[in-house]
Amino acid sequence: MENRNIPVPEQKNYEEAYGLAYQLVREKVAATGDIEEQCRKSGARYQVTGNRRAIIISYLNRPYEISLPEAEVSLVGSDDEIPMRDKLLILHYFTTAKGTPPGNKLITFQELPEGSMYSPTFAQRTINPLTRYFGDDPDKLPEVSRDLGGEKTNFGDVAVTINAFSHVPITILFWKGDEELTPQGNILFDATITDYLATEDITVLCEIITWKLIRQLG
């Protein structure tokens, strides 16, 4: 499949709304009574260096730092600017995490709260682009997912699981097409995912993963 000049979906200007949401969740982090306990629940690490305190959290196979008490998000060892959507996801995950053990049961987006209502939008933003770019050759998926920490799993014909956060595995799977059936794809979640992220955050996370994978096709 030819994948040069891959189009990236246009993003509306949500700067004001994102800025307000970011300020609110930073205040929530600052108000957390027991940071070390919340680190345990989220799988993050509490770090104290002299007078400097921070939370180190893994997101899409890279370490990020949440400074305290400011709750600013940065990429460890890098001056790269972090997109606001990623900052919000990281802070929402940290503040929402309940520390629930894995449910060892996979569910679809439709099974999430309000998932059936927003399923068409979710598919348009995630499953449809993945199927469009990977459907003809899904065997490329394991290779391009490695940068995100993806590992092959036994679902469908080809599948990978990406641990977006410590307690948020995202499983992407494909069924190969034939003369009669077109290729099909889906995204599955551990049944405990809503103890870590809201449905809208799950949608945004999967959209981010989708386009990171597509860009890796080059």
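Leu60 counts as buried at 4% relative accessibility (buried, under 20% relative accessible area; exposed, over 50%; partly exposed, in between; 1.4 Å probe, protein chains only). The structure is a predicted model, in which local features need pLDDT of at least 70 and side-chain atom pairs count only at pLDDT 80 or more, whereas totals for chains, interfaces and linings use all residues. Residues are numbered from 1 along each chain as its sequence is written, and side-chain values use heavy atoms, with hydrogens and water left out.

Leu60 is located in the loop between β2 (52–59) and β3 (strands, E, at least two residues, and helices, H or I, at least four, are DSSP runs numbered from the N terminus). Its phi is near 55°, a positive value in a residue other than glycine. A positive phi, of about 65°, also occurs at Glu114, which is not a glycine. Glu114 belongs to the loop between β5 (106–107) and α4 (115–134) and is exposed, with a relative accessible area of 53%. A further backbone feature is the cis peptide bond between Leu68 and Pro69, with omega about 5°. Pro69 falls in the loop that links β3 (62–68) to β4 (73–75).

Ser42 is part of helix α2 (residues 35–42). Its relative accessible area is 0%, and Ser42 is therefore buried. The Ser42 side chain reaches the backbone oxygen of Gln38 at 3.0 Å, a polar contact (a pair of N or O atoms within 3.5 Å; within protein, one must be able to donate a hydrogen and the other to accept it, and residues adjacent in sequence count only if both atoms are side-chain atoms). With neighbours within four places in sequence left aside, Ser42 is in contact with Tyr93, Phe94, Ala97, Ser166 and His167 (contact, heavy atoms within 4.5 Å).

Helices α3 (residues 84–96) and α6 (residues 199–216) pack with their axes 11 Å apart and at an angle of about 130° (axes are lines fitted to C-alpha atoms, for helices over the stretch in contact; angles run from 0 to 180 degrees between N-to-C directions). This angle makes α3 oblique to α6 (under 35 degrees, roughly parallel; over 145, roughly antiparallel; 65 to 115, roughly perpendicular; the rest, oblique). In this pair, Arg85, Asp86, Leu89 and His92 of α3 meet Asp201, Val204, Leu205, Glu207 and Ile208 of α6. The residues of the contact comprise four nonpolar, one polar and four charged (nonpolar: Ala, Val, Leu, Ile, Met, Phe, Trp, Tyr, Cys and Pro; charged: Asp, Glu, Lys and Arg; polar: the others, Gly among them).
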